[in-house]
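Dear colleague,

Please find below the structure for your files. A summary of the findings follows it.

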Amino acid sequence: MGRIRYGLWWLDQATAGARSRARAVTGGAATVGRELRWAAELSARSTLAGIDHARPEPWNDRKLLVFVTVIAVGALAVALVLGVGMAHWAMTSSNAMLFAAAGAVAVGLAFLPLAYLVFASKRRRRLSTVSPSADDR
């Protein structure tokens, strides 16, 4: 046996344990990855199915009043914090846009529940049993 073959054989014997452990770890990691992908896909499918079957109903006046009151109090708190932050920003640095960007995000987040209130309830179309008259045509 030549020196090169002996060196290769010795290297193979010396790294056999590390290679088998690496193979086991990569096999385990691949299995975990497949399981995570399957779980994410299953979660996405069930979420989409749940969203598809959701049928929002109109709220009564009390629920609407409480919801709008909560939104108003939250908007007032955000306005207070942003007002203090904008006053501090105006006094210190002229090119810091953090509070202006935060204000834009806060306004957008305040409009989301209001948009839900407007668009959540679907009107059910009632079929008329009366046929249209000649005047309606």
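Helices α3 (61-92) and α4 (98-119) each contribute at least two residues to the lining of the largest pocket. Please note that this is a predicted model. The space in the largest pocket comes to about 190 Å³. Its lining consists of I71, G74, A75, V78, A79, L82, G103, A106, V107, L109, A110 and P113.

Y6 belongs to helix α1, which spans residues 3-14. With a relative accessible area of 45%, Y6 is partly exposed; this value is over the 30% required of patch members.

As to charged pairs, side chains of opposite charge can pair when their charged atoms come close. The structure contains 1 salt bridge. R45 and E41 form a salt bridge in which the closest N and O atoms are 2.7 Å apart, and the cut-off for such a contact is 4 Å. Both R45 and E41 are located in helix α2 (residues 16-53), where a spacing of 4 residues, about one turn of the helix, separates them. R45 is classed as exposed because its relative accessible area is 56%, whereas E41, at 39%, is partly exposed.

With kind regards

How values were computed: Residues numbered from 1 in each chain as written. Predicted model: local features only at pLDDT ≥ 70, side-chain atom pairs only at ≥ 80, totals over all residues. Heavy atoms only, no water. 1 Å grid on protein atoms, 1.4 Å probe; cavity = no way out; pocket = protein on both sides within 12 Å on 5 of 7 lines; lining within 4 Å. Points joined across faces, edges and corners; volume = space filled by probe spheres on them. Buried < 20%, exposed > 50% of the residue type's maximum accessible area, 1.4 Å probe, protein only. Salt bridge = Lys/Arg side-chain N within 4 Å of Asp/Glu carboxyl O.
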